[in-house]
Amino acid sequence: MTERGLLIVLSGPSGVGKGTVREAVFKDPETSFDYSISMTTRLPREGEQDGVDYYFRSREVFEQAIKDGKMLEYAEYVGNYYGTPLEYVEEKLAAGVDIFLEIEVQGAMQVRKAMPEGIFIFLTPPDLSELKNRIIGRGTESMEVVEERMETAKKEIEMMASYDYAVVNDVVANAVQKIKGIVETEHLKTERVIHRYKKMLEGLQ
């Protein structure tokens with residue numbers, strides 16, 4: 001029987017650097033888990049590619065996927081849908097592959113209910129002023145949207161207690177090492193490995 005893979009969920013407020021940290025995680029040649037690409041109805045930012053950063057889809061296509069029960073989670077955020085297609089995640093976990101999700105806080109709470117065995121990591125900024133500077137630095141949002149994102153971020157940070165771990169994204173490389181350390185630790189938990197030793201002991205009888 002194949003040991004089920006781990007579901008690793010990274011989320012945090014908009015502008016905290018989830019995408020940057022995720023990219024750094026997967027640039028590391030020692031990374032042994034797969035990335036589940038999210039679907040969104042927002043327009044691509046400069047440099048983003050369909051099927052690499054997100055699946056960019058129309059609102060109609062996204063809403064049909066919701067109706068068909070094909071989304072593990074989804075949320076509407078600042079006028080756009082974001083979500084995770086279910087089929088890929090289930091197939092990989094069943095095959096024993098660890099899956100990494102980078103999703104919004106609303107979506108993470110849905111996954112928490114659907115798959116409570118997952119590992120939930122909250123990526124937090126050093127402080128709110130730094131978070132605001134990062135959002136403004138993108139140059140993609142009006143000040144009205146920036147303020148809206150900041151109000152949402154404050155509420156999301158208050159939800160940190162719903163996560164298993166919190167990682168401060170002050171230096172990307174440090175955040176990456178902490179995340180990889182969390183995954184390694186989870187693989188060593190007794191409830192994940194004890195069945196192997198039970199089989200070994202049974203073989204000695």
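Because the model is predicted, local features are described at pLDDT of at least 70 and side-chain atom pairs at pLDDT 80 or more, while totals for chains, interfaces and linings use all residues. Residues are numbered from 1 along each chain as its sequence is written, and side-chain values use heavy atoms, with hydrogens and water left out.

**The annotated site**

The UniProt record lists Gly12, Pro13, Ser14, Gly15, Val16, Gly17, Lys18 and Gly19 under "binding site"; such annotations may be inferred rather than shown by experiment, and their positions are given in the numbering used here. Gly15 lies in the loop between strand S1 (7-11) and helix H1 (18-27), and Gly17 is found in that loop between S1 and H1 as well; helices (H or I, at least four residues) and strands (E, at least two) are DSSP runs numbered from the N terminus. The table gives the relative accessible area of these two glycines and their contacts, where contact means heavy atoms within 4.5 Å and residues up to four places away in sequence are not counted. Buried means under 20% relative accessible area, exposed over 50%, and partly exposed in between (1.4 Å probe, protein chains only).

Strand S5 (residues 71-77) is mostly covered, five of its seven residues being buried. S5 runs antiparallel to strand S6 (residues 80-85), and six bridges join the two; strands are taken to pair if DSSP finds at least two bridges between them. Within this pairing, Glu73 has Thr84 of S6 as its bridge partner. The hairpin has two residues between its strands, and Val78 takes a positive phi near 50 degrees there.

**The nonpolar cores**

In soluble globular proteins, nonpolar side chains tend to be buried together. A nonpolar core is here a set of buried Ala, Val, Leu, Ile, Met, Phe, Trp, Tyr and Cys residues joined through side-chain atoms within 4.5 Å. The largest such core has 24 residues, and Val21 and Ile121 have the most contacts inside it. At least two residues of this core come from each of S1, H1, strand S8 (119-124), helix H5 (128-138), helix H6 (143-157) and helix H7 (172-187), with H7 giving the most, five residues. Val21 touches Leu10, Leu123, Asn169, Val172, Ala175, Val176 and Ile179, again not counting residues up to four places away in sequence. A second, separate core of 16 residues includes Leu7, Val9, Leu72 and Ala108.
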